[in-house]
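Welcome! Let us take a short walk through this chain, from its overall layout to a few of its details.

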Amino acid sequence: MTAAMAKRIDLEMRGRQATEIRDLNLDNCRSQTVEERLKDFLSLESLSLINVGLITLKNFPSLPKLRKLELSDNRIQNGLDQLKGCINLMYLNLSGNKIKDICTLEDLKMLPNLRNLDLFNCEVTNEESYREEVFKLLPDLQYLDGFDKDDKEAEEDEEEDEAENGLDGEEEDDDDDDDDEVVEVSDDDDESDEEDEDELDDEEEEDDDVQVVNIAGDEDDEDEVDEDDDDEVEVEEGVGLSYLQKEDLDEDEEDEEDFEPGEEPEDDEGDEGDEEDKPKAKKRKHEGEDGEEGD
């Protein structure tokens, strides 16, 4: 294997193991032979070696899972028996090679699952009764150069679909298993979600009960505080009234102590003296007026 093809393989692997690769494209990597390194790709299902420059299939590895093989535009003349290890091969493209005789194709009988063969642009296609002879040689073949026995052209992508039917069947089985697992997981998730919702509902109900209790307790506390405030106000009002009544009683007692019977207020005596003096002054005035007249 040339350095170019080695680099291409490493690039296509992208750090994966050879057994993990299912599809490998090595088109245009120049090499005259198939390198034994490909024998490690045991899970390979599709291999493309278009325009590589192969002149022989010697040492072609046994790839039991390979279903599609592209070998077009090389210089292969014979040695198709080297493909006998690819027992599940369904699609083989040898167009543009150097195959000249129908007898060269007899080695393809060792491929019991081969359904689609392409020899377009090979010299063998110029032989008389070429199609009839190939279908006779390979009775299980469905399409030759894109047409069936009745010269009916294969529908678009039908050739590739034929090669991938087996693979699709396996993938569908895997998908069904995955779907079953997903359904089971989803059911478990639904049950867990329902349990979580029930727990949340219970917690919310407990929170509501706690809030109701708290609110009732707060209202009771407020009522108690209001009652205490009312009691304090009544006590203060009672204290204030009793204090005022006591002051009024003290003042009355003092007034009674100051008053003694038989005593007259001084202001009244002064007023009586003034009244007695007033007639005397008037009398003196009249006497003066009489004297002046006598004079």
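The chain contains 4 helices and 6 strands. What you see is a predicted model. Followed along the sequence, these elements come in the pattern α-β-β-β-β-β-α-β-α-α. Of the 295 residues in the chain, 27% are buried.

Now to the strands. In which order do the 6 strands lie in the open sheet? They run β1-β2-β3-β4-β5-β6, and the pairing is parallel. At the edges are β1 (23-25) and β6 (143-144), each of which pairs on one side only.

Strand β3 joins strand β4 in the parallel sense over 3 bridges. Here E70 stands opposite N93, a residue in β4.

| Strand | Residues |
|---|---|
| β1 | residues 23-25 |
| β3 | residues 68-70 |
| β4 | residues 91-93 |
| β6 | residues 143-144 |

Which residues form a negative surface patch? The patch is made up of D101, E123, E127, E132 and E133. One of these, E133, sits in helix α2, which covers residues 130-137.

Note on methods
Residues numbered from 1 in each chain as written. Predicted model: local features only at pLDDT ≥ 70, side-chain atom pairs only at ≥ 80, totals over all residues. Heavy atoms only, no water. Patch = residues over 30% accessible without salt bridge, like charges linked within 9 Å, V, L, I, M, F, W, Y side chains within 5 Å. Areas by Shrake-Rupley, 256 points an atom, 1.4 Å probe, with all protein chains shown as cover. Salt bridge = Lys/Arg side-chain N within 4 Å of Asp/Glu carboxyl O. Lys, Arg positive; Asp, Glu negative; His and termini not counted. Charge placed at Lys NZ, Arg CZ, Asp CG, Glu CD. Helix = DSSP H or I, 4+ residues; strand = E, 2+ residues; numbered from the N terminus. Pairing = 2+ DSSP bridges. Buried < 20%, exposed > 50% of the residue type's maximum accessible area, 1.4 Å probe, protein only.
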